[in-house]
Amino acid sequence: MLGTDISPVEVSGVSKHGFWLLLDDEEELFVAFADFPWFSKAPVEQLFHVERPQPHHLYWPDLDVDLHVDSIRHPERFPLVSGVGS
């Protein structure tokens with residue numbers, strides 16, 4: 001069915017350093033605020049409202065944030081780069 005999550009995802013915990021995502025009740029990933037700063041000031045309610053429209057894609061509609069799962073697994077491969085000032 002279109003528009004339905006195909007894989008479950010849930011936030012399993014939050015700390016001052018980031019939050020944990022549980023994927024498919026099998027894999028737990030830590031989303032560090034240092035690597036993903038747009039989550040650092042978000043209300044917890046918005047962190048918990050996460051969707052997984054595809055196995056490799058996570059979406060926080062309240063924050064309008066899309067992430068590839070691999071960017072959480074390997075944030076060093078996806079450095080934050082700004083074009084401002086260049």
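**Reading the salt bridges**

Guide: Welcome! R73 and D70 sit about one helical turn apart, because three residues separate them in helix α2. Keep in mind that this model is predicted.

Visitor: How do the side chains of R73 and D70 meet?

Guide: Here is the general idea: side chains of opposite charge can pair when their charged atoms come close. In this structure, R73 and D70 form a salt bridge, with 3.0 Å from N to O. Through salt bridges that share partners, E27, D70 and R73 belong to one network.

Visitor: Where in the chain are R73 and E27?

Guide: Their side chains meet in a salt bridge at 2.8 Å, N to O. This pair links distant parts of the chain, with R73 in helix α2 and E27 in strand β3, 46 residues apart.

Visitor: Is D70 buried or partly exposed?

Guide: Buried means under 20% relative accessible area, and exposed means over 50%, with partly exposed in between. D70 has 29%, so it counts as partly exposed. R73 is also partly exposed, at 35%, and E27 is partly exposed at 28%.

Visitor: How many salt bridges does the structure hold?

Guide: It holds three. One of them joins the side chains of D24 and R52, at 3.2 Å from N to O. D24 lies in the loop between β2 and β3, R52 in strand β4, and 28 residues separate them.

Visitor: Which backbone oxygen does the side chain of R52 reach?

Guide: That of P55, at 2.6 Å.

Definitions and conventions: Residues numbered from 1 in each chain as written. Predicted model: local features only at pLDDT ≥ 70, side-chain atom pairs only at ≥ 80, totals over all residues. Heavy atoms only, no water. Polar contact = N/O pair within 3.5 Å; in protein donor to acceptor, adjacent residues only side chain to side chain. Salt bridge = Lys/Arg side-chain N within 4 Å of Asp/Glu carboxyl O. Helix = DSSP H or I, 4+ residues; strand = E, 2+ residues; numbered from the N terminus. Buried < 20%, exposed > 50% of the residue type's maximum accessible area, 1.4 Å probe, protein only.
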